[in-house]
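My entries follow in the order in which I made them.

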Amino acid sequence: MKKVGIIGQRGMVGSVLMERMRAENDFSNIEAYFYSTSQVGQEPPKESAGDALLDAYSVDELKGMEVILTCQGGDYTKKMHGELRNSGWKGIWIDAASTLRMDPNACLVLDPINGQGIRDALNKGVLDFVGANCTVSLLLMGIGGLMKSGLVDWVSTMTYQAASGAGARNMKELLNQMGYLAKHSDFENTSAHILEIDRNVNSSFRNSDFPDELFGAALAGGIIPFIDSELENGQSREEWKAMVEANKILGTDINPDMKNIPIDGTCVRVGAMRCHAQGLTIKLNQEVSEDTIKECILSSNDWVKWVDNNKAETVKGLNSAYISGSLNIPVGRVRPMNLGPEYWNMFTVGDQLLWGAAEPLRRMLNILSE
Ligand code: NAP
């Protein structure tokens, strides 16, 4: 059994990873040790082969592991990955953070889409395996079959990303904002006029004690159309990731027989708790029937599901509140657009903590045990 060091298990991604590993009995295949950056020496999860949480900043305590799986975040990876490699460590590093994704020596993991690429990378001696950006993984789990078909010229994706995408503390901040608005709006007062309630909500956003320390703005009752840092070309870093990471997973970035597929759009944080959604405009390079599109999409993997384009099925079938906790990736609102017969509208949603984060990592661990 491989000795696996797990870091970040109490964070948002880590908690979902633990839940999934328990559900799939993954711990029976590994000897797991748990680390922390802030709670060293405290009691570890019950699956731990060690008696206490180890020090995630100690190269000596990390070096004994054959595999390290971290969901601790980019700052941690920046600090520790280099130190550990420089110490001569040749184990497998599996990571949820973006730090190493575009490193030419790192392989992105989303095995229903690039399983062969992952196995080839392992055979070539690649040691760093990184989960892709959550919206990228969900996009490819949804329309990966179409992207691989050679039919797609470009994709524009407008995202609707949940609070949990920013981490455990941000999720609580969204709830705090909701609670604050409920408390200060007087909405339960049956005699209050709706305009008065609305004014109370609006003035609450500007109160100095409105809880927006992490998001920097109102997410309950508002949306935030900027995620991650600013780039010089006007994109947010989240928007930049879509094209580079999706093409890296598809192999279109290096295969001379394949075309890099342009992907761009606006990434928006919305007040959903869990699950990212994406409204897509897809430009195909020829006119095809909806049946052809459906076949391409559904043949890609076991989790993608088709939602017929009608209101009754859409309002729940493509609603993040109902997809939360599910591995299914529904795709719907599929219709040709007024823009021309080669332009298609679609909408997809998925739990970004599952296929967008934890699931590809735990499956990578299982590939190592094959
Ligand atoms: P997170 O919830 O903020 O957790 C990261 C670490 O923060 C935890 O491991 C924990 O480390 C520490 N922490 C401090 N206070 C905490 C609290 N009150 N509750 C829980 N943890 C607390 O971050 P995350 O969303 O899991 O993201 C981890 C990495 O995955 C990031 O690089 C992120 O970009 C990436 N990612 C996230 C998502 C997503 O949807 N959230 C999707 C794909 C990729 P200690 O125990 O050591 O203190």
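Entry 1, the largest cavity. I began with the lining of the largest cavity, which is formed by Thr135, Val136, Leu139, Thr157, Thr159, Ala242, Cys267 and Gln278. I note for the record that the model is a predicted one. The volume of this largest cavity I found to be about 50 Å³. I then asked how many cavities of 30 Å³ or more there are. The count came to one.

I next assigned the lining to secondary structure. Helix H5, residues 134-148, and strand S8, residues 152-161, each give at least two residues to the lining of the largest cavity. H5 has the largest share, with three residues. By class, I recorded four nonpolar and four polar residues in this lining, and no charged ones.

For the second largest pocket I noted a volume of about 610 Å³. Its lining consists of 26 residues, and those closest to the centre of the pocket are Gly117, Lys248, Gly251, Asp253 and Ile254. Three elements that each supply at least two lining residues are strand S6 (106-109), helix H4 (111-123) and helix H8 (237-250).

Which angle do helices H1 and H12 make where they pack? I read about 50° between H1 (residues 12-23) and H12 (residues 354-369), whose axes lie 9 Å apart. Angles from 65 to 115 degrees would count as roughly perpendicular and those under 35 as roughly parallel; H1 and H12 are therefore oblique to each other. The handedness of the crossing of H1 and H12 is right-handed. On the H1 side I listed Val13, Val16, Leu17, Arg20 and Met21 as the contact residues. On the H12 side I listed Leu354, Ala357, Ala358, Glu359, Leu361, Arg362 and Leu365. The contact of H1 with H12 comprises nine nonpolar and three charged residues, with no polar ones.

I then examined H4, one of the elements noted for the pocket lining. The axes of H4 and H12 come within 12 Å and cross at roughly 40°. That angle makes H4 oblique to H12. The crossing of H4 and H12 is right-handed. From H4, the contact is made by Asp111, Pro112, Ile118, Arg119 and Leu122. From H12, the partners are Trp355, Arg363, Met364, Ile367 and Leu368. I classed the residues of the contact of H4 with H12 as seven nonpolar, no polar and three charged.

Technical notes:
Residues numbered from 1 in each chain as written. Predicted model: local features only at pLDDT ≥ 70, side-chain atom pairs only at ≥ 80, totals over all residues. Heavy atoms only, no water. 1 Å grid on protein atoms, 1.4 Å probe; cavity = no way out; pocket = protein on both sides within 12 Å on 5 of 7 lines; lining within 4 Å. Points joined across faces, edges and corners; volume = space filled by probe spheres on them. Helix = DSSP H or I, 4+ residues; strand = E, 2+ residues; numbered from the N terminus. Nonpolar A, V, L, I, M, F, W, Y, C, P; charged D, E, K, R; others polar. Axes fitted to C-alpha atoms, helices over the stretch in contact; angles between N-to-C directions. Parallel < 35°, antiparallel > 145°, perpendicular 65-115°, else oblique. Left-handed = near helix turned anticlockwise from the far one by under 90°. Contact = heavy atoms within 4.5 Å.
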